[in-house]
Amino acid sequence: MGTDRVGKVCIVGASGKLGQYMVRHALERGYEVVGVCRERSVPKLAPFEGRMTVVPGATNDPEVIRRAVAGCDGVLTVLVPWGVRQYASGTAQAVLDHAEPGARLVFSCGWHITRDGKDRYSRTFLAAVRVAALLGRLVRAVEIDDQVEACRRVFASGTRWTVVRGSSLEEGESQGLPVWSRHVGDPVLASDLTRRVDFALFMVEALTDDSLLQEAPAIVGCRTPSALAHGPGPGEYA
């Protein structure tokens, strides 16, 4: 897909920190933007009033998503594992079911998602994921396994998807397009840090980058020590 074929974009989860950055990047590119968020979160999008359309509702509600993605050339989806009602997988399925045929679908998740089982994780990382999953279930707040299921459905679909796997995130001014690799554990990713604004930049950039079709890039900030030591350049495959 070339840039000239992207005119209208839906951002699912637009009111969150990552979502708001994606809204900003998409508007800067001149895209018509439709945002989806829970009704109580609509005020968070006030800075963009008059510049985008907001569809309030749960992102795992198929009818909400059907209305929001109508006519969109691309859909950017934040897969949030909130609660214990299959929120992430429900959101992913609604997007897969209702996006326009041929639309570019870009999903966000963490490094813990693996597509082919070739990612190499440290014991510390795996322990942290297990603890987070256990605590999330105990307090009924987070369902990490459901994010895994959401990505499994995306990987199995015949759509024009990309799943962007983010490292640890920090706030700050943009450093540029992150560097990516196919597998966690590759030296270029060792710094495990990306500016949230640049995670959003990579998501929006993926809409028009056919080299990322049906890829699950793991990203890291282009100015981090590992990227400078091992990366070929901002945004390039390592």
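User: How much of the protein is buried?
Analyst: Buried residues make up 49% of the 238 residues in the protein. Buried means under 20% relative accessible area, exposed over 50%, and partly exposed in between, with a 1.4 Å probe and protein chains only. This is a predicted model, in which local features need pLDDT of at least 70, side-chain atom pairs count only at pLDDT 80 or more, and totals for chains, interfaces and linings use all residues. Residues are numbered from 1 along each chain as its sequence is written, and side-chain values use heavy atoms, with hydrogens and water left out.

User: How many helices and strands?
Analyst: There are 7 helices and 10 strands. Both are DSSP runs numbered from the N terminus: helices are H or I with at least four residues, strands are E with at least two.

User: Which residues of helix 6 are buried?
Analyst: Helix 6 is mostly covered, with 10 of its 11 residues buried. Among them are Phe 199, Leu 201, Phe 202 and Met 203.

User: And strand 6, how many of its residues are buried?
Analyst: In strand 6 (residues 160-166), 6 of the 7 residues are buried.

User: How does strand 5 run relative to strand 6, parallel or antiparallel?
Analyst: Strand 5 (residues 104-110) and strand 6 run parallel, joined by 7 bridges. Two strands pair if DSSP finds at least two bridges between them. One of the bridges has Arg 104 partnered with Arg 160 in strand 6.

User: New topic. What is the phi of Asp 192?
Analyst: Asp 192 has a positive phi of about 50°, although it is not a glycine. Most residues other than glycine have a negative phi.

User: Where does Asp 192 lie?
Analyst: Asp 192 is in the loop between strand 8 (179-181) and strand 9 (194-195). Asp 192 counts as partly exposed because its relative accessibility is 24%.

User: What about Gln 214?
Analyst: Gln 214 also is not a glycine, and its phi is positive, near 50°. Gln 214 is found in the loop between helix 6 (196-206) and strand 10 (218-220). Its relative accessibility is 35%, so Gln 214 counts as partly exposed.

User: Back to strand 8. Is Val 179 buried or exposed?
Analyst: Val 179, which is found in strand 8, counts as buried because its relative accessibility is 2%.

User: How far apart are Val 179 and Ala 218?
Analyst: They are 39 residues apart in sequence and 8.4 Å apart in space, C-alpha to C-alpha.
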